[in-house]
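Please open the structure in a viewer and keep the selection tool at hand.

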Amino acid sequence: MEYKRSSALFAEAQKVIPGGVNSPVRAFKAVGGTPIFVKEAKGAYIIDEDDKKYIEYINSWGPMILGHAHKPVIDAVVEKAKKGTSFGMPTEIETKIAELAVSMVPNIDMIRFVNSGTEACMSAVRLARGYTGKDKMIKFAGCYHGHSDAFLIQAGSGAVTFGSPNSPGVTRGTAKDTLLARYNDLENVKQIIAQNEGEIACIIIEPVAGNMGCIPPVEGFLEGLRTLCDAHNILLVFDEVMTGFRLAKGGVQELLGVNADIVCFGKVIGGGLPVGAFAARKEIMEHLAPLGPVYQAGTLSGNPLAMAAGLAMLQELNQGDVFKSLQEKTAYLHQGIAKVLTEAGVTHQINRIGSMISVHFCDDAVIDFESSAKGNNDSFKKFFHGLLNRGIYIAPSAFETWFLSDALSYDDLDTTIAAVKEVAKEL
Ligand code: KE4
């Protein structure tokens, strides 16, 4: 398919923006070809600069859970913008969204807003270190918590796609305090704790992983981490930047019934504007400046437009049960894709939980980074481009997750399944 205008725009962009993009995964490096440039989006559809329409499953990598240009969110931002865009002073709306978020999510009394998921996770780990007085952190291979130095140790998402598990620029001094464990392997975590007894401030985890494809925790894994943290005075940090307000009102803590000490948010909480947040019970959050000694700050944190978008989004999600509708649509898509790939004799695995789903072209179950990396990337490239050429836009990397929006109709899902059926013949 000819992407004439996108190709021209990409050529221009590459002259002034590294790689022509402001975030690496958008550059299509993992799948090849020219990234499409989006002109506009509405509901479940995006229109590219060549006026081609796509049913899309990225939804800005999660935020657009109710579909693009969702009216209550747009109206809230437009109204707020008329009264000014940024003050650097406290505003009532920050309290309103904080109260609502705290009412929706278990185990948090207070929340601090920042401008990205990276900032949320970076600040959460600093808070955990300040609160416990300990330096080390355990993260999991294949999990991605944003691009701050301490996390770029065999990160998931773009960092894995680029095959640069330890990014240049991260010092040995930083890396030494990051301990790496295998996802879904409790024995491995126990060993690491034993080898670093008394030195570990926190374990940070995507409680449902979404940056090595979608990988739910195996039975007992999160519960086991909770027990280990309690036994060794370690804080359990749930990075719910992807799963927060997507898998349930209360995120994975509610869905799977495991309590975290600090929870990180992004994506959905901002309704499509730049918002991240981290939250915990009062006795932890009171360590944060200006109350306590752990410093954290941000010029645009709590920005009125971003808060207006986020508040409108959370208010929408707090009514009714969009999560049930999303879960049913994702199950329908799963069954449809599995049927046509199986009928075509295509070896594959499909991982799914809530409105997160990923397709892997491999024999064995995908339960951690190692098994995810065994996926056949040539098949994935053909799958991605075959769907793109048929007007279906999925994540341009096998190390990502599809995010459904409730704007998707069952006709859209049937169109997607039919496209997969056709593409399966090419795999
Ligand atoms: P941001 O700094 O990109 O807002 O959030 C970082 C982050 C933290 N934690 C989790 C679990 C995340 O998934 C992310 C960001 N997700 C990627 C998609 N896999 C964002 C897409 C991109 O990097 O462009």
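Select S23 together with the ligand: a polar side-chain atom of S23 lies 2.6 Å from an oxygen atom of the ligand, a polar contact being a pair of N or O atoms within 3.5 Å (within protein, one must be able to donate a hydrogen and the other to accept it, and residues adjacent in sequence count only if both atoms are side-chain atoms). The model is predicted, so local features need pLDDT of at least 70 and side-chain atom pairs count only at pLDDT 80 or more, whereas totals for chains, interfaces and linings use all residues. Residues are numbered from 1 along each chain as its sequence is written, and side-chain values use heavy atoms, with hydrogens and water left out.

Next, select G117, where a backbone N or O atom lies 2.9 Å from an oxygen atom of the ligand. At K267, a polar side-chain atom is 3.0 Å from a nitrogen atom of the ligand. Taken alone, the ligand exposes 540 Å², of which the protein buries 87% (Shrake-Rupley areas with a 1.4 Å probe; for residues, only the protein chains shown count as cover).

Which order do the strands of the seven-stranded open sheet follow? The order is β4-β10-β9-β8-β7-β5-β6, with mixed pairing. Here strands are DSSP runs (E, at least two residues), as are helices (H or I, at least four), numbered from the N terminus; two strands pair if DSSP finds at least two bridges between them. The edge strands, β4 (110–114) and β6 (178–181), each pair on one side only. Within the sheet, select β9 (residues 262–265) and β10 (residues 276–280), which run antiparallel and are joined by four bridges; I262 stands opposite A280.

Proceed to P290, in the loop between α10 (282–285) and α11 (304–318). The peptide bond joining A289 and P290 is cis, with omega about 5°. Then select W61, in the loop between β3 (53–56) and α2 (71–81); its phi is positive, near 65°. Most residues other than glycine have a negative phi, and most peptide bonds are trans.

Finally, select the three-stranded open sheet β11-β12-β14, whose pairing is antiparallel. β11 (349–353) and β14 (402–403) stand at the edges with a single partner strand each, so one side of each lacks a neighbour in the sheet. Five bridges join β11 to β12 (residues 356–360), and I350 stands opposite V359.
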